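User: Please examine the structure shown below and take me through its folds and contacts in question-and-answer form.

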Amino acid sequence: MSEIKIVNLRKQFGDFVAVEDSSFTVEDGEFLALLGPSGCGKTTTLRMIAGLELPTSGKIHLDGEDVTFNRASARDIAFVFQLFALYPHMNVRRNIGFPLLSQGVPKAEIRARVEETARLLRIDQILDRSVSGLAGGDRQRVALGRAIVRRPKCFLMDEPLGTLDAEFREVMVHELRELHNRIHATTVYVTHDQHEAMAMADKIAVMNHGVIEQFGTPQEIYNRPASMYVADFIGSPPMNFMRFHSGLHRGAQSILLDGIDIPVPEVSEDVRPRELALGVRPEHIRFNDASRLRGAVYGSEYLGTNQVVAVETASGIVKARIPADRSFRLGETVGLEFNPATLALFDCASGRAIASSLYQEARHG
Amino acid sequence: MSSVNTSAHSVVEPTPTVKRIAGVIVILYALVTMIPLAWIFLTSIKSPPDSISYPPKIVFTPTLEGYCNLFTTRTRQTPDYIQSLPPATGTCDEITRSRNMVIAGPSNYWPRFGNSLIIAFGSTFLAVSLGTLAAYGFSRFRVPLADDLLFFILSTRMMPPIAVAIPIYLMYRQFGLSDTALGMILLYTAVNVSLAVWLLKGFIDEIPREYEEAAMIDGYTRLHAFWKVVLPQATTGIAATAIFCLIFAWNEYAFAVLLTSGSAQTAPPFIPTIIGEGGQDWPAVAAGTTIFLVPILVFTIILRKQLLRGITFGAVRK
């Protein structure tokens with residue numbers, strides 16, 4: 001197993017920039033999720049790591065070796081495709097053994113390793129079946145088997161759960177993570193599903209328009225989003241943005257929102273007056289009738305253990321995730337209170353997060 | 001509540017009556033198309049007088065005379081000379097002698113038939129091989145001017161090939177390709193390769209490229225991936241294309257008449273020449289035709305499923 005290091009990787013198709021100067025490192029044994037909407041360049045990044053696309057510029061290091069222009073077959077990596085790409089003219093056993101065949105592994109050893117892999121994935125009972133008759137989950141496991149049988153340097157997975165139904169996807173999320181815990185393979189996993197990324201990954205890279213907006217642990221990404229895009233993409237419902245016009249000074253500990261003082265984590269840069277946004281996660285909002293920030297209940301969504309209540313305030317609609325034990329009338333006036341330590345500030349024009357003690361914690365701890 | 005009709009009526013599945021009517025129509029059509037073939041076969045086992053009798057004879061005494069005449073060349077002799085010969089050594093010998101002739105030697109039928117086999121299968125093999133590689137290239141790589149090239153390839157089918165007969169005749173004479181098997185193989189390959197490229201491109205487009213990518217990641221070169229993953233999945237398309245190419249090359253008459261006369265002559269231009277030897281020998285012509293039909297018939301029956309798939313290709317979306 002080994003480390004994947006991407007340096008200033010860029011890919012252009014004609015005038016279209018698919019991936020823009022991305023750099024990141026996936027450490028040995030780490031599970032990285034490339035997360036983003038379709039067309040954000042995550043699959044292109046993965047295919048460049050695999051050697052299925054050549055980058056326009058930049059470098060890819062695998063285990064310390066520059067493999068940027070190596071053939072896919074020379075990189076010793078495994079790839080799980082979205083539609084699995086199981087060879088339809090071979091049975092399960094031959095599918096899993098196919099990568100070993102190319103390496104000239106003796107027949108008896110191929111047999112033994114295929115069977116060992118099949119036992120690990122609990123598909124040993126279907127080894128002699130044709131792949132065309134398999135159910136989605138079994139196809140998925142065969143594709144994984146074909147990937148792990150060779151013990152490659154790393155695994156690349158392109159939305160491998162995309163075609164499974166929701167219920168089964170959860171089972172596979174669990175299985176994939178468990179498999180990773182057992183074999184500790186360096187993995188890059190492409191998905192557009194934040195739940196999959198959050199549940200499985202050690203690190204997440206959030207991509208948008210070919211740019212990596214943020215690279216970090218799921219906690220960092222969720223709690224300390226580096227941009228409005230990340231804050232909006234992660235979480236459901238996403239982070240609320242309350243826009244206001246103001247300047248900020250280093251050391252400021254509160255902001256003025258519609259004439260109401262809101263305490264925020266200590267700001268650590270000077271910002272000239274401009275359009276700003278206060279970012280607050282729905283679960284960091286409490287209803288407090290004593291609060292001066294008020295709004296009218298606009299709608300609510302009952303989710304069993306809790307509910308999401310939309311409140312119309314002077315700065316727009318804010319969604320709050322609160323316990324389900326209280327019910328609201330539409331139009332009822334409520335007071336909103338935020339958990340100050342969790343609030344984020346953004347520059348609306350660039351979408352960039354404004355430096356504050358919230359982010360310093362990230363750096364130091 | 002009204003009673004619910006539980007015998008669900010499928011919109012797609014035809015009813016038994018419709019199926020029966022369709023069956024009758026298909027059988028009638030099959031009969032109509034079989035009659036010429038049956039007539040050729042029956043003529044091949046008639047005696048020459050029976051073959052030209054009017055009204056045509058349905059009931060007659062079958063004879064192998066047509067086949068004997070097809071496979072041999074004969075010379076007319078006086079009855080005295082025939083009397084003086086040792087006893088006849090086989091059926092054909094007897095039949096020939098009864099017509100006051102003796103067998104002079106084998107005819108050119110089998111060599112011509114062999115030429116047809118070599119030229120038709122050779123050109124089919126070449127056209128399908130080249131077509132598969134070209135189709136793969138067009139399907140998988142960013143070929144500069146791909147659309148224009150494909151149109152150019154298709155455009156070679158837009159006129160009847162015989163329209164270029166004169167230039168090809170002159171060219172072949174210049175290059176010494178006239179009346180050579182190589183010349184005919186090249187010609188039929190050139191005509192068929194455009195069909196092969198277009199048909200196979202469709203088939204290869206349908207094979208997801210992930211299969212090759214998976215194979216390349218599994219440690220194979222592109223050529224290996226093509227050989228081990230793409231080809232096995234393209235067999236249906238290749239078989240269908242091969243049949244179409246073979247049928248064209250096997251049946252082609254106009255170029256064969258024009259460009260071959262001797263050593264490379266194929267069966268189609270040879271068969272009509274049989275008729276001139278000793279009167280209108282229709283049974284011999286029919287015998288030649290019957291045998292000529294056999295290879296393509298066998299080949300088509302073996303690959304009929306692929307052929308059907310080739311014909312209906314594109315009609316059904318998965």
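This is a predicted model: local features need pLDDT of at least 70, side-chain atom pairs count only at pLDDT 80 or more; totals for chains, interfaces and linings use all residues.

Analyst: Residues are numbered from 1 along each chain as its sequence is written, and chains are lettered from A and ligands numbered from 1 in the order in which they are written.

User: What percentage of the residues of chain A count as buried?
Analyst: The secondary structure of chain A comprises nine helices and 20 strands; helices (H or I, at least four residues) and strands (E, at least two) are DSSP runs, numbered from the N terminus. A residue is buried if 20 or more other C-beta atoms, placed from the backbone, lie within 10 Å of its own, exposed if 12 or fewer, and partly exposed in between. Of the 365 residues of chain A, the buried share is 43%.

User: Which element supplies the largest share of the side of domain 1 of chain A that touches domain 2 of chain A?
Analyst: Chain A is assigned domain 1 (4–223) and domain 2 (230–364), with bounds from an automatic or database domain assignment. Seven residues of domain 1 of chain A and five residues of domain 2 of chain A form the contact, where two residues are in contact if their C-beta atoms, placed from the backbone, lie within 7 Å. Strand 10 (211–216) and helix 7 (218–223) of chain A each give two or more residues to the domain 1 side. The largest share, three residues, comes from helix 7 of chain A.

User: How are helix 2 of chain A and helix 4 of chain A oriented to each other?
Analyst: Helix 2 (residues 92–102) and helix 4 (residues 136–148) of chain A pack at about 30°, with axes 7 Å apart; axes are lines fitted to C-alpha atoms, for helices over the stretch in contact, and angles run from 0 to 180 degrees between N-to-C directions. Angles under 35 degrees count as roughly parallel, over 145 as roughly antiparallel, 65 to 115 as roughly perpendicular and the rest as oblique. The two helices of chain A are therefore roughly parallel.

User: Which residues of helix 4 of chain A meet helix 3 of chain A?
Analyst: Helix 3 (residues 107–121) of chain A packs against helix 4 of chain A at about 135°, with axes 10 Å apart, and the pair is therefore oblique. From helix 3 of chain A come Thr117(A), Ala118(A) and Leu121(A). Their partners in helix 4 of chain A are Arg141(A), Leu144(A), Gly145(A) and Ile148(A).

User: Which residues of helix 13 of chain B are buried?
Analyst: Six of the eight residues of helix 13 (residues 267–274) of chain B are buried, so this helix is largely enclosed by the rest of the structure. The cover includes helix 3 (65–71), helix 6 (109–140), helix 11, helix 12 (254–259) and helix 14 (282–302) of chain B. The buried residues are Ala267(B), Pro268(B), Pro269(B), Phe270(B), Ile271(B) and Ile274(B).

User: Which helix gives the largest share of the side of chain B that touches chain A?
Analyst: The contact takes 14 residues from chain B and 17 residues from chain A. Helix 10 (210–217) and helix 11 (222–251) of chain B each supply at least two residues of the chain B side. The largest share, six residues, comes from helix 10 of chain B.
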